[in-house]
Amino acid sequence: MDGGQNKPNAERPAVKPPQGLAASALDKKLGIRKRAREDAARNLPRHDADDLSDAEKAVIGAVAAERARVDQSRTDAKADAERRLRALAPSPQDFTGPALDARLAMRQTSGRLAHDWSEASARATEARQELDAFKRRHELRRAALYPKSTLLQSGLLFCAAVFEALFSAALFAEDDARGLLGGAITAIGLSGANVTLGFLAGFLGLRYLQHRQVPMKLLGALAFGFVGLLALMLNLFAADWRDQLAALSGRTVDMGSDASFHLWSLLALDSPQAIILLMLGAGVWVFSALKGFSGFDDPYPDFGKMDRAAQAASEALSDFRADARLELEAPINVAKAALSARTEKMRAEFAAMSKAFDAAALKMEALDAKARALDEAAASAVHLYRQENAAARSSPAPAYFNAPPPAAGTALDALGGAAAMIDEARARLAEAQVQSARSLEELLAELEDATNRHNSGPA
């Protein structure tokens, strides 16, 4: 941004000098050719002269007044540009205040959260330590295995109970005097009891059979045997009851003349329906026992409970950390918005300043073009005088004829000060951006330190 002072001549706009100040007009007005020949006849200026001739001075003097007006316009334009740029210069902003406020708010929030954070961390650590101690004590080298939701397993048990109830209702309804309704009532009670006993045999019996401690293993075997005996008695009773219903209804079971051995003869069961009922009950009981063993919790007793407690404490700590992090980040977000607004304000002021400088540069370029046109017109007129004088004189021309004629006015770097102001504003904006970024980085570092300090455990 040099206000067009350093543009190549090819890029400078061509401006004609004012009317009456062109080289041809100056020749008619001042008689440059005539005076050149007259001076040449008298061998003037002398060959050892260093000063301009009167004719050359007259040419420069004729242009000087207009050149002075242009120079005054350039000076006024320079002062106006600097005044506008000074008014539009980005005002200094405080980038430490928002950071200090955010740091104070973070420390207050951190102090308020310290106790609860410590308690949550202690609970999670204690639960994890208890789980690890449980695994070492019981020689468990695997993760706990249990479903996230028991709804599906409960649905499978319900389906098994419904299946047995429907099938058993059909078997009982054949010989029940109450018909299908009576058979359904009996079947529902039987299937519910069978599924319950199967689940208890698996949950309280099979799971404790693999316990590392012998007393618990014995209690598991006792529970499994007791519940299994109850289930066996229930299903045998139901099968025998089915046989008795068939006998009371007056139906006889034709076994034919086959004298071979039959397994169900040991159970004193005569009807195939009773055998089917017994097998169906046994199947549902085994299915329920397997679900009780591993369908609702880890197969090893208390392992799933300990793992869920540790996981719940860990998730509670994680949720607390997330909420606490949001609270700690809130002051940083406020400071970030304030710093960003102040930076944007300086950036907008610098943009307006740059726009004003560009407008001043265009105006100054037009004035510079007028000044150049006047200088070029004067130089052309002086060159005409020197050419005519050198051609007509008998003595050598002065040495200064080979030097370019002086300008009609002083050279002026009009926008040098304005360009320096732009550079200063740009440097100030860059420094402001650096300060804003540094403040945010320091806040983030303090946030990480606070988080790590709380995560390190109870104070």
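**Ground rules.** I worked from a predicted model, in which local features need pLDDT of at least 70 and side-chain atom pairs count only at pLDDT 80 or more, while totals for chains, interfaces and linings use all residues. I numbered residues from 1 along each chain as its sequence is written, and side-chain values rest on heavy atoms, with hydrogens and water left out.

**Entry 1, Leu 52.** I looked up where Leu 52 sits and found it in the loop between α2 (32-41) and α3 (54-88); helices here are DSSP runs of H or I with at least four residues, strands are E runs of at least two, and both are numbered from the N terminus. I then listed the contacts of Leu 52 beyond its neighbours within four places in sequence, and these are Lys 57, Ile 60, Arg 386, Tyr 400 and Pro 406, where contact means heavy atoms within 4.5 Å. I also noted that the C-alpha atoms of Leu 52 and Pro 405 are separated by 8.9 Å, although the two residues are 353 apart along the chain.

I searched the whole structure and recorded 25 salt bridges, each being a side-chain nitrogen of Lys or Arg within 4 Å of a carboxyl oxygen of Asp or Glu. As background, side chains of opposite charge can pair when their charged atoms come close.

I found a salt bridge between Glu 388 and Arg 37, with the closest N and O atoms 3.8 Å apart. This pair links distant parts of the chain, since Glu 388 belongs to helix α9 (residues 303-392) and Arg 37 to helix α2, 351 residues apart. I noted Glu 388 as buried at 19% relative accessible area and Arg 37 as partly exposed at 44%, with buried meaning under 20%, exposed over 50% and partly exposed in between (1.4 Å probe, protein chains only).

I recorded a salt bridge between Asp 71 and Arg 74 at 3.5 Å, N to O; the two are three residues apart in helix α3, which means a separation of about one helical turn. Asp 71 is buried at 15% relative accessibility, and Arg 74 is buried at 4%. I also recorded Arg 83 with Asp 80, whose closest N and O atoms are 3.0 Å apart, and both lie in helix α3, three residues or about one turn apart. Asp 80 is partly exposed, at 31% relative accessible area. Lastly, I noted that salt bridges with shared partners join Arg 67, Asp 71, Arg 74, Asp 368 and Asp 375 into one network.
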